[in-house]
There are 2 protein chains.
Amino acid sequence: MQDKHISLAHGNGGRYMRELIERVFARHLANPGLDTRADAVPLALTEGDVMFTTDGFTVQPLEFPGGNIGALAVHGTINDLAVAGAEPLYLSLNAFIEEGMQIARLERIVATLAETANAVGVRVVAGDTKVLPRGEGSGLYLATTGVGIRAAGVRLGLDCIRAGDRILVSGPVGDHGIAVLLAREQFGLRGDLKSDAGSVLPLTRAALNLEGLHFMRDPTRGGLATVCQEISQASGLGVRLQQAQIPIRDSVQSVCEMLGYDPLYLACEGRVVAVVAEAQAEDLLTHWRRLPEGADAALIGRLEERSPQVLLVTELGGERMLDELEDDPLPRIC
Amino acid sequence: MQDKHISLAHGNGGRYMRELIERVFARHLANPGLDTRADAVPLALTEGDVMFTTDGFTVQPLEFPGGNIGALAVHGTINDLAVAGAEPLYLSLNAFIEEGMQIARLERIVATLAETANAVGVRVVAGDTKVLPRGEGSGLYLATTGVGIRAAGVRLGLDCIRAGDRILVSGPVGDHGIAVLLAREQFGLRGDLKSDAGSVLPLTRAALNLEGLHFMRDPTRGGLATVCQEISQASGLGVRLQQAQIPIRDSVQSVCEMLGYDPLYLACEGRVVAVVAEAQAEDLLTHWRRLPEGADAALIGRLEERSPQVLLVTELGGERMLDELEDDPLPRIC
């Protein structure tokens, strides 16, 4: 790698590509399960159901307060395993790198990705890199695919939701969406808001210990309102949310008011929405609030025997329908 | 989906995205293991080692004689499992779609991807879509991650290679590289050459039935010469190839001569290079030649107790070193 920038030769299968993989990817991601010379690697798996998920990452800018695309690529996929009730074990990583990208910047992102994976105990064991011609790709796109194990007998899903169930959220919504927006600096706004990008595993583990847990989802693209839409549509039940109970930071609220966004549709990257039987709802709230990730958790709504719509009871006591998102509020936040 | 083209709203998590996933992806890819509403899905796995691999796809043009990026995204990943001695079972799919892409074109590619997966008996059970702003992405990038099962006791790998082993290739090399190059029509050349993109499973299954099989790899980016470099470097042995034995189509040879490419470095997408003990080499050749995929298979070289280099014995009896690829011969063929 004589050059400090990515060239098309870094994608051709030859020496430059081998060196890029060895010096940037394999060096940071080194672990006993990773063999960059193998076409496929064996996975050592424990007892239980093998769970599988994938996610793509195109956030702009690539680095933002509270994280970067590398951290996001780990958290996004392991959180999907976590809310499905699984313990994440392995990741694969695809990198689509734009010609001209600074290798130092790429390395910073890969290093964060590796640290994030280590911190949550998952191993990146398979990978692939492709180089895109200059002008395509805005620097870097990533995709990660995750494998985890769900304990036998765990039963969670949209079809487990019942009328009377309560809805909880583990913390303030919209932080990620607004943090990324501010990082673009295109609105002349600044703030010290950080993305909530993080692992939800402590939250999902605590929830799985409780009977009465019916469903979990992390509200990413489309935000809390979209998860509630999915819950309502799939269960055929009405969702009633109490606006006064939904945690939203003042800084998120005020940016939303200035720019005309609804925080309920903004992405989070480290929150969980849980649907739990009424009898266990307070227990889950107590458990979550004991965790640093769940200090601001709240009971925000319930499932009702009526037409499948999402109704927000406003702080003034009025009612507002939360419709399915149509327009694009904030592209490329994940 | 009122519009016939992809918009940024198709990536926002709301109604447009849901409809795109339902009408284009889920409709074609429907199978009992796919649940587009789930964060992660369980995999039913048979006995043996669980094998894992991933690959990204950025070929230009997206459609070419003999295939398209959808077929490639299935074959590329299942072939990596196949040469590792596994039977592929499941795929995840990431699509990075450029704003403005014709939905009809996207659907054609997804339909081919689904047909290809069905034909080889693998199920696409997890997926994600992201939309890239117009001007980025040249239409479509894909990534697939595969899970397969390798029978207990199968032992293959670069570290199994021994001096005296023979090297076989399952068919003509360079077809894919030249077919994609001609499809770009930028050189004023035309031809009826088709990509060799296809499943190598019949070839790897036949090879796994033989004792003495030490290693298999599909020569994609970097071609046959790059696989031989990897074999030589990893084993610490010399590779001697006989040029006269290496199958190359006349049409590939003549385009290479006109444009100054070396066919030994061009990508294949449906070939296997196998390293086998000398005593079983003729057996493997016989088995492969009985298959339609292996009709032109050939014994092309051997491993020798000398410095780790790749030596090509030319048809005139001279010797030429095949070095590791440095420059970019033909970008974005996969």
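**How chains A and B meet**

Hi everyone, let's start where the two chains touch: 71 residues of chain B are in contact with 71 residues of chain A, where contact means heavy atoms within 4.5 Å. Before going on, please keep in mind that this is a predicted model, with local features needing pLDDT of at least 70 and side-chain atom pairs counting only at pLDDT 80 or more, while totals for chains, interfaces and linings use all residues. Residues are numbered from 1 along each chain as its sequence is written, chains are lettered from A and ligands numbered from 1 in the order in which they are written, and side-chain values use heavy atoms, leaving out hydrogens and water.

So, how much area do chain B and chain A bury between them? About 5,500 Å², with 53% of it on carbon and sulfur atoms. Buried area here is the accessible area (1.4 Å probe) that two parts lose on being put together, summed over both. On the chain B side, Asp39(B), Phe52(B) and Arg221(B) supply 16% of the area buried against chain A, more than any other three residues.

Next, the charged pairs. Side chains of opposite charge can pair when their charged atoms come close. We call it a salt bridge when a side-chain nitrogen of Lys or Arg lies within 4 Å of a carboxyl oxygen of Asp or Glu. Between chain B and chain A the count is ten salt bridges, and over all chains it comes to 48. One to find on your screen joins Arg15(A) to Glu326(B), at 2.5 Å from N to O.

There is also a strand link across the two chains. Strand β2 (residues 49-57) of chain A runs antiparallel to strand β1 (residues 41-43) of chain B, and three bridges join them. Val50(A), for instance, has Leu43(B) as its bridge partner. Two strands pair if DSSP finds at least two bridges between them; helices (H or I, at least four residues) and strands (E, at least two) are DSSP runs, numbered from the N terminus.

Now let's look inside chain B. Arg23(B) forms a salt bridge with Glu19(B), their closest N and O atoms being 3.8 Å apart. Why are these two separated by about one helical turn? Because they sit four residues apart in helix α1 (residues 15-29) of chain B. Arg23(B) is partly exposed at 41% relative accessible area, whereas Glu19(B) is buried at 8%. For those words, buried means under 20% relative accessible area, exposed over 50%, and partly exposed in between (1.4 Å probe, protein chains only).

Another pair is Arg150(B) and Asp49(B), a salt bridge with its closest N and O atoms 3.0 Å apart. This pair links distant parts of the chain, 101 residues apart: Arg150(B) is in strand β7 (residues 140-150) and Asp49(B) in strand β2 (residues 49-57) of chain B. Arg150(B) is buried at 13% relative accessibility, and Asp49(B) is partly exposed at 28%.

Last stop: His75(B). This residue is in helix α2 (residues 69-83) of chain B. Is His75(B) buried or exposed? With 12% relative accessibility, His75(B) counts as buried. Leaving aside neighbours within four places in sequence, His75(B) is in contact with Thr116(B), Ala197(B), Gly198(B) and Ser199(B). The His75(B) side chain reaches the backbone nitrogen of Ser199(B) at 3.5 Å.

Notes:
Polar contact = N/O pair within 3.5 Å; in protein donor to acceptor, adjacent residues only side chain to side chain.
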